[in-house]
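Subject: Structure handover

Hello,

Below is the structure for your work. My notes on what was found in it follow.

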Amino acid sequence: NRVLYSEVHRPCSVMLLVNPHSGKGQALSLFTGHVQHMLNEAGVPHTLVITERQNHARELVREADLSQWGALVIMSGDGLLFEVVNGLMEREDWEEAIQTPLGILPGGSGNALAASIHHYSGAQPVSSEELLVSCGFLLCKGLVSRMDLASIHLGSSPSNPTRLFSFLSLAWGFVADVDVESEKYRHVGAARFTMGTLVRLASLRVYKGRLAYLPVDEVDGEEEDRQSSVSLEEMTSVSPQCQPPSSAFCSSTLLCRPSKDSPCQNAAHNSRNSNNAFKAKNWEPMSANATLTGPPDSLLVPLDQPVPSDWVVVPEEDFVLMLAMYQSHLAKDLYAAPDSTLDDGLIHLIYVRAGISRTALLRLFLAMEKGTHLANNCPHLVYTRVRALRLEPYSPKGVITVDGEVVEYGPVQAQVHGGIARLITR
Ligand code: ADP
Ligand code: MG
């Protein structure tokens, strides 16, 4: 008899952001067909917001009055949550803003976080539609847990580094290239990664660069301290009778599309639409946070200085891929970091050295479906758990992705911040 998103000081309406173009372009019909009635029956008041362009969600949550919302939930792929997380971390009040419970409903082609939370709930792998229903159910239950974020510094201009926040992954080499190249297969949904992997295998190449990391052992005591403090405040739950506090919210059945051309029918909502939160603006492209709001990165030194002496510098400089993960799944069928949990405060670093055969690499990806790749004794694969890392690619052009989104290419470093966000899960 416990449920939803409300803490004493929060009203309990959910802002449900839908990217109508994600996945096969069916996110909205998937929502109305599979999830909406569940939320209505569970009495979860929600306001649907259809994004109109890239960065719309980011801008919206950056400006929103968060006291009005019990949770921010996205129905899309991981890319839309990436916008929401960064929008929150770009706020002056980021420390409080990032406490807003976040939720995810898989509506995209890359639904890695949704697959991860389904896995954490103890359930077996399922089809895409069942995954959506499973995540809808978690949303109705509304239990909130802590989630790690990584702070990512991009330093093509070391004197003026930019920073963004990531909940899932940092990738370079094979995986990042597949992510980008498989965009053209988005009509096949989650299978786009399998197709992209096969195509990229045919033109397998070597990526040169320097990789360094801070191993976990160096700060083990700190890990124990953090984990014991987090477990005390891990879960939040409230009453299922929770009702929207006032008519200022759309009812759960009202589809609200706050745009200039099609204003919402709800007068109260239109007055919201006319404030800054919903106004179209000229936003910068998918970019990093130049003002460096957010927590200090105590483990990192500036990118133009050598890494600290307690870091490990990887001797090899020829790679096939580098993948840093903080959740278990890289995609619905890619169980890339089996040991990872939502808030372990760890970066699970996987890299593959050059020299691996196509067959061996294919075998690794096939094993990844079951999460057995790390036990495969592949001599080219290295897996280690770290707190921070730095990658300096040597080639002037290439692809780096953060949470599946392409970011500025160049030297990059990351540090994990254990449990600083909150996610509706279990
Ligand atoms: P998918 O998993 O299908 O790629 P994502 O949620 O990752 O779905 O979204 C893909 C990209 O689309 C992201 O970069 C996101 O920021 C962007 N995006 C969000 N809303 C819109 C929109 N209305 N129109 C175009 N792009 C959008
Ligand atoms: Mg983790």
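Helices (H or I, at least four residues) and strands (E, at least two) are DSSP runs, numbered from the N terminus. In those terms, G155 lies in the loop between β5 and β6 (162-166). This is a predicted model, in which local features need pLDDT of at least 70, side-chain atom pairs count only at pLDDT 80 or more, and totals for chains, interfaces and linings use all residues. Residues are numbered from 1 along each chain as its sequence is written, while chains are lettered from A and ligands numbered from 1 in the order in which they are written.

A residue is called buried if 20 or more other C-beta atoms lie within 10 Å of its own, exposed if 12 or fewer, and partly exposed in between, with C-beta atoms placed from the backbone. G155 counts as buried because it has 21 C-beta neighbours inside 10 Å. From G155 to L349 the separation is 194 residues in sequence and 20 Å in space, C-alpha to C-alpha.

Domains. An automatic or database domain assignment supplies the bounds. Domain 1 covers 14-149 + 229-278, and domain 2 covers 152-217 + 291-415. Their contact (C-beta atoms, placed from the backbone, within 7 Å) takes 30 residues from domain 1 and 27 residues from domain 2. On the side of domain 1 that touches domain 2, α3 gives the most, with seven residues. That side divides into 13 nonpolar, 10 polar and seven charged residues, where Ala, Val, Leu, Ile, Met, Phe, Trp, Tyr, Cys and Pro count as nonpolar, Asp, Glu, Lys and Arg as charged, and the others, Gly among them, as polar.

Ligand 1. Helix α3 (residues 78-89) also gives the most to the shell around ligand 1, with four residues. There are 21 residues around the ligand (C-beta atom, placed from the backbone, within 6 Å of it), and S22, S76, G77, G79 and G108 come nearest. The shell holds two nonpolar, 13 polar and six charged residues.

Helix α7. Six of the eight residues of α7 (residues 174-181) are buried, namely F174, V175, A176, D177, V178 and D179. These buried residues pack against β7 (169-173), α8 (192-202), β10 (318-325) and β13 (400-402).

Strand β2. Four of the five residues of β2 (residues 46-50) are buried. Strand β1 (residues 14-18) runs parallel to β2, joined by five bridges; strands pair if DSSP finds at least two bridges between them. M15 stands opposite T47 in β2.

Regards

Definitions and conventions:
Contact = placed C-beta atoms within 7 Å.
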